[in-house]
Amino acid sequence: MNDLLVADSVSKSFGNFKALNQVSIAVPKGSIFGLLGPNGAGKTTLIRIINQITMPDAGAVLLDGQPLKPEHIRDIGYLPEERGLYKSMKVGEQCLYLAQLKGLSKTEAKERLKYWFDKLEIGDWWNKKIQELSKGQAQKIQFIVTVLHQPKLLIFDEPFSGFDPINANLIKDEILQLRDEGATVIFSTHRMESVEELCDHIALIHKSNKVLDGKLNDIKRQFKTNTFEVGLESLNKDKVFSEIQDKFEVLPATFKNLNDDIKLNIKLGEQASPNDLLSFLTSKAEVHHFVEVIPSASDIFIQTVKNN
Amino acid sequence: MNHLPLIIKREYLTKVKNKSFIVMTFLSPLIMIALIAVVAYLSQLNNDKQRTISVLDETGYLKGEFQNTENTTYTSLDGLSLEDAIALVKEKEDYGLLYFGKASSLDGVAGNVKFYSEDSPSLSVISSLERKIEKRLKEKKLELDGVSIAQIEASQTNIEIAQESFEGEKSSKIDNIVKLAFGGAAGYLLFMFIIIYGNMIMRSVIEEKTSRIIEVIISSVKPIQLMMGKIIGTSLAGVTQFAIWVVLGGVLLFVVSAIFGIDLAQVQSPQQEMVNQAMQADGAQAMAENLITAISNLPMTNLIIAFLFFFIGGYLLYSSLYAAIGAAVDNETDTQQFMLPILMPLILAVYVGVFTVIEDPHGTVSTVFSFVPLTSPVVMLMRIPFGVPLWQQGLSLLLLIGTFIFAVWFAAKIYRVGILMYGKKPTYKELFKWLKY
């Protein structure tokens, strides 16, 4: 059993609106799993089902091979997108309360809180009220509360919103460290660059249906078009250009380079090898730039959503 | 995992530590006592005021009738003309001039009485004067007809019907008043409790929604646990506040009356007046005895047990509805449309209690409303001192508990869906749809 969480044909309707239609995902142990999709696609509904906040109409969710049951909430840490804290409660009291709700004993919770407060250098916030903190500071507390009970599964819904770049990096590193320590992470966001940076696996939900899932690298391989970005230098630009154009499918390209190059995207056929292209190009001009065009997560997202 | 105690503790401590809660707890009795003291002081001031009333009697019938009292001095201006008398009274700055115009018969006198004054006189002064004159004229008439006053006084008989139930339980008029007081107090207490602390629960649910902590919490606990924890925690805070009010109010009342020497008994509410009227029939001694027997006649055990059950049942029923409203809306201004259906039965219950139960505690209206779950707590609590058969109490309680369970189920449904809904004011139709999610 290598998957920590398996959702099997989960469906959920609200009145006449179908929020999830037979969605299945499998989250491998120790991975960071990106749950992507446009606004209103059904991501939050799926996450709420995993957290047993709402019940699915059909389908099953297994955690560690067992159907979800109330005891499992101790194994899950959830940072919702709509998040907040009791404004007039003191930071320390609040953290203790929320930790105890997750099943930690008071002394245990205190010890772990001390560790985290020291780690993030926020020890002097203990007796402050939440309303005295800035939004980013409150987010830090929220993060600690989410991970404090050392859950097997961490679910972060837009974890970086409200953070400055420094703190966003800090939290990103913490997430990676938690993953390295054995936690599995489900990560829902619209920031594609962080998907690129963090996720091993992704699933894309669009209009209540899962439209794509798998390892990020596999998906990228699937989406690549055998296109190469090239930069050439030649004394006779026009001649070289027309010669290439006769042989290959060519699109203009833009990238930064020192020289006044011919900049092209060259698309090869299914079977063609990049080596053939390269040797053809070297015979015609000086090659300064030769890169395979790999679709970004953002490209994949936009392309998939548009095609569906 | 049972987190209920934890949630209750947090709700309780948050409420009790809240600044405005503390201020309200300690300020309210102060304000109340201050208010009572001011009213008492003012009414005393009014009573103490010295008045001089001049009397000009041109008939001679009322000689000697107007004796000086503690607060009022009467001066006779007999022999002066009306104009002179008015001028004199004006100059002396008397309270007023009571004038009896010339008349040939007693009936003529009655039609020719006037009171001249600078400002319009107080109602109580006028009616006390009227009573005096009526009495005097009546006596005069009787004397003219040859009846002696002494005979009339001798012929007067005082009747008090001794009441006894078929089971041999003795009771008296005072009994009913005591029963009314106990029942009314219990019903009214419940009413106040629901209004004050039901609202508090509602606000606390709304606060959780607006601070967006709700999703964090319910990923750890079941919504129904959170709701029950809120209701119980807030109620305990309410009981604490009430207890402090009672103790503090009692102490303050004692201190204030001791320091200022104000006889607070002089501030009378209508109920007290009823008691006083009943008292006048007996002597004070017999009265006290009656009061004690009346209280000991009350079905105390039944009363206390029923009070606990109906109070808790009724309170929980209403507060779960309040919690549901809080969950359905985003902010307090949106609560109005949902408040009405809750307040209506509550107010109806108090009205039925005050008007119908007093008239006829076992009549159809009272009986029916003491079974209808939304009104039964208040109405039944008012009825019980008058003796309600146990089967009726049991049935009513059963209905109440049944409705309570239904209300909690209903509220929990609304709660579960509502707490995650933002930004839109739901309609009743939508609420109904939520039940099916």
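**View 1. The contact between chain A and chain B.**
In this predicted model, 20 residues of chain A are in contact with 16 residues of chain B. On the chain A side, helix H2 (residues 91–101) gives the most, with 4 residues. By class, that side of chain A has 11 nonpolar residues. Another 5 are polar and 4 are charged.

**View 2. The annotated region of chain A.**
The unreviewed UniProt entry places "domain: ABC transporter" on residues 5–232 of chain A. Over residues 5–232, chain A is 34% helix and 30% strand. The end C-alpha atoms of this stretch are 49 Å apart.

**View 3. Asp64(A) in a loop between strands.**
Asp64(A) lies between strand S4 (58–63) and strand S5 (66–67) of chain A. Its phi is positive, about 55°, although Asp64(A) is not a glycine. Most residues other than glycine have a negative phi. Asp64(A) is partly exposed, with 15 other C-beta atoms within 10 Å.

**View 4. Glu121(A) in a loop between helices.**
The loop that holds Glu121(A) runs between helix H3 (106–119) and helix H4 (135–147) of chain A. Glu121(A) is not a glycine, yet its phi is positive, near 55°. Glu121(A) is exposed: 9 other C-beta atoms lie within 10 Å.

Chain B has 437 residues, of which 30% count as buried. There are 17 helices and 6 strands in the chain. Among contacts in chain B with a separation of 6 or more, 74% join residues 24 or more positions apart. The domain assignment gives domain 1 (51–149) and domain 2 (172–434). Taken over C-alpha atoms, the centres of domain 1 and domain 2 of chain B are separated by 53 Å.

**View 5. Segments of chain B annotated as "transmembrane region".**
The annotation comes from an unreviewed UniProt entry. Residues 300–318 of chain B are 100% helix and 0% strand. The end C-alpha atoms of residues 300–318 are 26 Å apart. Residues 365–384 of chain B are 65% helix and 0% strand. For residues 365–384, the end C-alpha atoms are 15 Å apart.

**View 6. Helices H12 and H13 of chain B.**
H12 (residues 300–328) and H13 (residues 336–359) of chain B pack at an angle of about 170°. Their axes are 10 Å apart. Angles over 145 degrees count as roughly antiparallel, and H12(B) and H13(B) are therefore roughly antiparallel to each other. From H12(B), Tyr318(B), Leu321(B), Ile325(B) and Ala328(B) take part in the contact. They meet Phe338(B), Met339(B) and Ile342(B) of H13(B). The residues of this contact divide into 7 nonpolar, no polar and no charged. In an α-helix, residues three or four places apart point the same way, because there are 3.6 residues a turn.

**View 7. The covered helix H15 of chain B.**
Helix H15 (residues 376–383) of chain B is mostly covered, and 8 of its 8 residues are buried. The buried residues of H15(B) include Ser376(B), Pro377(B), Val378(B) and Val379(B). Met380(B), Leu381(B), Met382(B) and Arg383(B) are also on the list of buried residues.

Key
Residues numbered from 1 in each chain as written. Chains lettered and ligands numbered in written order. Predicted model: local features only at pLDDT ≥ 70, side-chain atom pairs only at ≥ 80, totals over all residues. Contact = placed C-beta atoms within 7 Å. Helix = DSSP H or I, 4+ residues; strand = E, 2+ residues; numbered from the N terminus. Nonpolar A, V, L, I, M, F, W, Y, C, P; charged D, E, K, R; others polar. Buried ≥ 20, exposed ≤ 12 C-beta atoms within 10 Å, placed from the backbone. UniProt positions renumbered as here; feature names shortened; annotations may be inferred. Domains from an automatic or database assignment. Axes fitted to C-alpha atoms, helices over the stretch in contact; angles between N-to-C directions. Parallel < 35°, antiparallel > 145°, perpendicular 65-115°, else oblique.
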